[in-house]
Amino acid sequence: MRPSPSLHALGTRSLALDRAVMVLDDQLVPLPRPHEPVRHPYGPVVGIRCTPRAAAVAYPIAARLVRSDATRRKLAVVVPRDGTAHIVDPCRDAPLPVSVEFGPVVDVGRRALGLATPAERSPPVVLLDAIWVERVLVATLDADIGHRPTWATISALHPLAGAALTPSMLRDRRLSLGVEWSPFRRRATGFDTAWPDLSPSLAEWLDDGSFARWVLGEAPPTPLLLGDLAELLDEAVVVDIDEALSGAPRW
């Protein structure tokens with residue numbers, strides 16, 4: 001009986017072919033290439049459904065292993081059927097176990113094998129807040145010179161508002177949002193902010209945890225946008241924004 005390929009051999013083969021590869025009956029079998037160009041950073045395994053007989057899957061990504069790396073380089077993510085994850089670096093002789101969650105980069109390998117991914121700990125309100133802050137910045141930049149948006153104007157832009165609310169009313173409405181990520185995945189196209197790389201079929205392929213991390217990864221950089229707004233809006237409005245966003249997990 002032929003010995004099963006090692007994780008390092010699987011990752012090296014994936015890098016050599018620059019495509020996703022699975023272990024099937026102790027052989028390395030290339031997976032079909034994506035029908036459309038890959039526009040996301042999560043590798044060519046996205047949307048793939050491996051046969052239940054597949055023992056592991058590997059796929060190339062462009063990334064930096066540590067912040068001090070000068071440039072991004074091709075690495076391979078290897079996910080065996082036990083759901084663990086490893087990085088194969090062509091500059092190293094052995095795979096590196098992933099000790100921290102790499103988010104969608106690992107999620108997509110688990111989904112390709114039909115495995116569940118961990119639940120996302122951040123609640124959906126974090127995504128809604130990010131959408132709101134981006135809308136506020138757009139409205140502020142679009143405003144006529146000398147006419148900064150008022151609190152009444154920007155509070156109505158929150159996805160949970162529907163009309164102008166006081167800061168405390170918006171805070172309470174945010175904190176009372178009692179839904180998980182499942183209904184958000186079912187309505188993946190339900191917000192004004194588009195996710196161009198997340199089609200309805202891809203949202204179906206993901207599970208709730210992987211979907212949440214995908215869309216959170218696509219969300220605007222809320223802390224940076226809040227810093228911009230602090231320089232553009234009246235101080236009283238900035239204080240109102242801070243009050244409305246209080247009492248929930250921050251980014």
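**An antiparallel sheet and its cover**

Modeller: β3 and β4 pair in the antiparallel sense, joined by eight bridges.

Biologist: What makes β3 and β4 count as a pair?

Modeller: Two strands pair if DSSP finds at least two bridges between them, and the eight bridges between β3 and β4 meet that rule. Within this pair, proline 60 stands opposite alanine 76 in β4. The model is predicted, so local features are reported only at pLDDT of at least 70 and side-chain atom pairs only at pLDDT 80 or more, while totals for chains, interfaces and linings use all residues. Residues are numbered from 1 along each chain as its sequence is written, and side-chain values use heavy atoms, with hydrogens and water left out.

Biologist: Which strands are called edge strands, and what makes them so?

Modeller: The six strands form an open sheet in the order β2-β1-β3-β4-β5-β6, with antiparallel pairing. β2 and β6 (96-97) are the edge strands, as each pairs on one side only. A strand here is a DSSP run of E with at least two residues, a helix is a run of H or I with at least four, and both are numbered from the N terminus; on that basis the protein chain has 10 helices and six strands.

Biologist: How do you know that β1 has a partner on either side?

Modeller: With β2, β1 pairs in the antiparallel sense over four bridges, and leucine 24 has glutamine 27 in β2 as its bridge partner. With β3, β1 pairs in the antiparallel sense over three bridges, where valine 23 has alanine 56 as its partner. β1 and β2 also form a hairpin with two residues between them, and aspartate 25 in that turn has a positive phi of about 55 degrees.

Biologist: Which way do the side chains of β1 point, and are they buried or exposed?

Modeller: Val21 and Val23 point one way, Met22 and Leu24 point the other way, and all of them are buried. In a regular strand the side chains alternate between the two faces of the sheet.

Biologist: Why is cysteine 50 called buried, and what is cysteine 91 called?

Modeller: Buried means under 20% relative accessible area, exposed means over 50%, and partly exposed lies in between (1.4 Å probe, protein chains only). Cysteine 50, at 10%, therefore counts as buried, whereas cysteine 91, at 64%, counts as exposed. A disulfide requires a pair of cysteine sulfur atoms within 2.5 Å, and by this rule the count is zero. Over the protein chain, buried residues make up 42% of the 251 residues.

Biologist: How do you know that the buried residues of α1 line one face?

Modeller: In α1 (residues 7-17), Leu10, Gly11 and Ser14 are buried. Seen down the helix axis, the buried residues fall within an arc of 95 degrees, so they line one face of α1; the arc is that of the directions from the axis to the C-beta atoms. Their cover includes β1 (21-24), β2 (27-30), β3 (56-63), β4 (73-80) and β5 (86-88). Just after α1, aspartate 18 takes a positive phi of about 55 degrees.

Terms used: Contact means heavy atoms within 4.5 Å.
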